[in-house]
Amino acid sequence: MIRPMLATDVPDVLALLTWMDDAPEREVFSPDARDPRELQTECEDNLCLVDVDDEGVLAYCALSPFRDGLVLEGPVSDGGHVQALLGRALAHTDGLPVYAFAAQENLPVRAALEGAGFAAMHTTDFYSAPLDRLTPHACAPAGHRIARRLPIAAYRELFKSSEDAWAGRLTWTPEQFDGHFARDDVRLVALLRGDQPVGFAELEFRPEEARADVTYLAVHPAERAQGYGLKLLALAAAEAETHPEVRTLRVRAHDHMKPARALYARAGFTHCRSIVTYMRDGDEDV
């Protein structure tokens, strides 16, 4: 039976999410929470659906706001009716586009998404490297200095000139900008020549997974092919080392980003996972 998630379903949904975590080929976009109270809080403002039988929850999915539409959490299923669960969720999209993310190896969920009208947009590959492979080169080039904050105008300019795929950040208010970089799990490492920023690396720390993620690496187009990318990765690794729990640095590149892939290979990163991004237009029939 497919129905809205109840508070009493939280332990079963957590068990299902843990089951997903146990195998990379089961990965989909899902709630961050792995604690009952946090999961219930995450689900309070979203449409959360479950497929249940007498034994408990077999499958889960949810819809939450994202960019210009909605994002699908899941579906995560250990024997549930994925196609029916998707159909029920998509009946509540109100004509908005829906995004979904699944591991490249998650063939059952990918087939279900495509059967529900989702089209693959691109694949994002992730690469990782131990910090000690990168940090020996962690110093500013001659004539440059390291900064851990940038004025919002300089940040926007570098971000926009490099790639504006995260256009939402370009509209951040000064309060949102300051709030983001005030977070304990976020860091910015920038390289400046004089007063002119030439690039930055933005990190998010995930100590529970012993890693830091480079969420964005920006080098101004006029400054490329001068080794700044390698230097920023080394500086990011050095910043990650300030967290004793962190052992590895992870980066990402979409399938069209050949220069970024070449950079990561030169720096000594190795491929660790691939995620396919899907989108379903808002005018698709359910």
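Tyr 155 is buried, with a relative accessibility of 1%; buried stands for under 20% relative accessible area, exposed for over 50% and partly exposed for what lies in between, with a 1.4 Å probe and protein chains only. The model is predicted, so local features need pLDDT of at least 70 and side-chain atom pairs count only at pLDDT 80 or more, while totals for chains, interfaces and linings use all residues. Residues are numbered from 1 along each chain as its sequence is written, and side-chain values use heavy atoms, with hydrogens and water left out.

**Domains**

- The chain is divided into domain 1 (2–117) and domain 2 (127–273), with bounds that come from an automatic or database domain assignment.
- Between the C-alpha centres of domain 1 and domain 2 there are 31 Å.

**Aromatic pairs**

- The structure holds 12 aromatic pairs; rings of Phe, Tyr and Trp (its six-membered ring) pair if their centres lie within 6.5 Å, and planes under 30 degrees apart count as stacked, over 60 as edge-to-face and the rest as tilted.
- One of these pairs, Tyr 155 with Phe 159, is tilted, at 5.7 Å centre to centre and 40° between the planes.
- Both Tyr 155 and Phe 159 belong to helix α6 (residues 152–162), where they are four residues apart, about one turn of the helix; helices (H or I, at least four residues) and strands (E, at least two) are DSSP runs numbered from the N terminus.
- Phe 159 is buried, at a relative accessible area of 0%.
- Tyr 155 also forms a stacked pair with Phe 200, at 5.1 Å centre to centre and 20° between the planes.
- This second pair joins distant parts of the chain, since Tyr 155 is in helix α6 and Phe 200 in strand β9 (residues 196–206), 45 residues apart.
- Phe 200 is buried, as is Tyr 155.
- A cluster linked by ring pairs contains Tyr 155, Phe 159, Phe 177, Phe 181, Phe 200 and Tyr 216.

**Charges over rings**

- Arg 67 lies over the face of Tyr 99, 5.9 Å from the ring centre; a charge sits over a ring if NZ of Lys or CZ of Arg is within 6 Å of the ring centre and within 35 degrees of the ring normal.
- Arg 273 has its charged end over the ring of Phe 126, at 4.4 Å from the centre.

**A loop residue**

- Asp 54 is found in the loop between β2 (47–53) and β3 (56–66).
- With a relative accessible area of 81%, Asp 54 is exposed.
- Asp 54 and Met 1 are 53 residues apart along the chain, and their C-alpha atoms are separated by 9.6 Å.
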